[in-house]
Amino acid sequence: MFPTTAAVRLTPEAVEAALSASASMQRSPRMAEGATTDAVAGQVAWAPAKSLWVGGMSAAALAAPFAATPGALALFVVTTAVTVCLGHSLGMHRRLIHRSYDCPLWIERLFVYLGTLVGMAGPFGMIRQHDLRDWAQRKPECHPYLAHRSSLVRDGWWQLHCELALTHPPLLIVEPRVARDPFYRFIDRHWQLQQLPWALVFVARRSG
Ligand SMILES: [Zn+2]
């Protein structure tokens with residue numbers, strides 16, 4: 001699945017140094033390539049777990065208009081703003097993935113936790129998805145799954161219900177600071193459960 005290690009010369013320390021220098025805005029420092037690494041050849045296949053997860057949330061959202069109250073609407077607006085803006089955008093993307101600003105570790109962890117609540121993936125899953133796409137889009141050619149170059153309907157089906165398996169993918173090397181962080185390891189392992197405590201609190205308050 002991965003390129004032969006002889007062809008991979010990227011070390012975790014080199015990844016950390018590149019990220020500290022904000023190099024990820026111009027290149028993909030976590031991606032190690034071998035002689036055969038290729039962004040084009042690959043197969044898109046239905047991913048049952050992902051499809052059921054996203055499909056279940058989409059189906060629940062269709063029922064939302066019939067259960068809406070002013071309080072539920074306010075909760076939707078506030079939790080969406082907090083998780084998408086502070087969590088996904090500022091935490092996962094700008095800080096964890098691109099290291100485009102500095103902050104104390106507790107703020108980074110809080111924002112990354114809020115980003116995990118979005119329900120797309122945990123910290124390592126988000127780094128993997130993002131960096132693979134950025135790496136591929138910087139190549140002269142890449143698979144249409146990674147370029148979003150299909151029709152709207154097919155791209156929507158692919159992104160929400162399928163996964164791409166590249167025939168010769170690059171090797172992802174996550175910087176040790178993040179890879180060894182016990183908090184990130186925990187929320188990545190159980191990322192789909194992170195919404196559950198909040199859901200229980202909100203449902204209990206509504207019925208209480
Ligand atoms: Zn990015």
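In the predicted model, helices α3 and α5 pack with their axes 11 Å apart and at an angle of about 70 degrees. The angle falls in the range of 65 to 115 degrees, and α3 and α5 are therefore roughly perpendicular to each other. The crossing of α3 past α5 is right-handed. On the α3 side the contact is made by Met92, Leu96 and Ile97, and on the α5 side by Pro123, Met126, Ile127 and His130. Sorted by class, the residues of this contact comprise six nonpolar, one polar and no charged.

Helix α3 also packs against α4, at an angle of about 120 degrees and with the axes 7 Å apart. This angle makes α3 oblique to α4, and the crossing of the two helices is left-handed. From α3, the contact takes Val82, Thr83, Leu86, Gly87, His88, Leu90, Gly91, Met92, Arg95 and Leu96; from α4, it takes Glu108, Phe111, Val112, Leu114 and Gly115. The contact of α3 with α4 consists of eight nonpolar, five polar and two charged residues.

The contact of α5 with α9 divides into four nonpolar residues, one polar and one charged.

In soluble globular proteins, nonpolar side chains tend to be buried together.

The surroundings of Leu96 show how these elements meet. With neighbours within four places in sequence left aside, Leu96 is in contact with Gly91, Glu108, Val112, Pro123, Ile127 and Val178.

At the level of the whole chain, the protein has ten helices and four strands. Along the sequence these elements follow the pattern α-β-β-α-α-α-α-α-α-β-β-α-α-α. The C-alpha atoms fill a box of roughly 60 × 40 × 25 Å along the principal axes. Of the 208 residues, 21% count as buried. Among contacts with a separation of 6 or more, 77% join residues 24 or more positions apart.

Arg99, in the loop between α3 and α4, has a positive phi of about 50 degrees although it is not a glycine. Arg99 has 22 other C-beta atoms within 10 Å and is therefore buried, the cut-off for burial being 20 or more. Ser22 likewise is not a glycine and has a positive phi of about 55 degrees. The position of Ser22 is in the loop between α1 (12-20) and β1 (31-32). Because Ser22 has 13 C-beta neighbours inside 10 Å, it counts as partly exposed.

Towards the end of the sequence, Val203 is found in helix α10 (residues 195-207). Val203 has 10 C-beta neighbours inside 10 Å and so counts as exposed, the limit for this class being 12 or fewer. The C-alpha atom of Val203 is separated by 41 Å from that of Pro144, and the two residues are 59 residues apart along the chain.

Key: Residues numbered from 1 in each chain as written. Predicted model: local features only at pLDDT ≥ 70, side-chain atom pairs only at ≥ 80, totals over all residues. Contact = placed C-beta atoms within 7 Å. Axes fitted to C-alpha atoms, helices over the stretch in contact; angles between N-to-C directions. Parallel < 35°, antiparallel > 145°, perpendicular 65-115°, else oblique. Left-handed = near helix turned anticlockwise from the far one by under 90°. Nonpolar A, V, L, I, M, F, W, Y, C, P; charged D, E, K, R; others polar.
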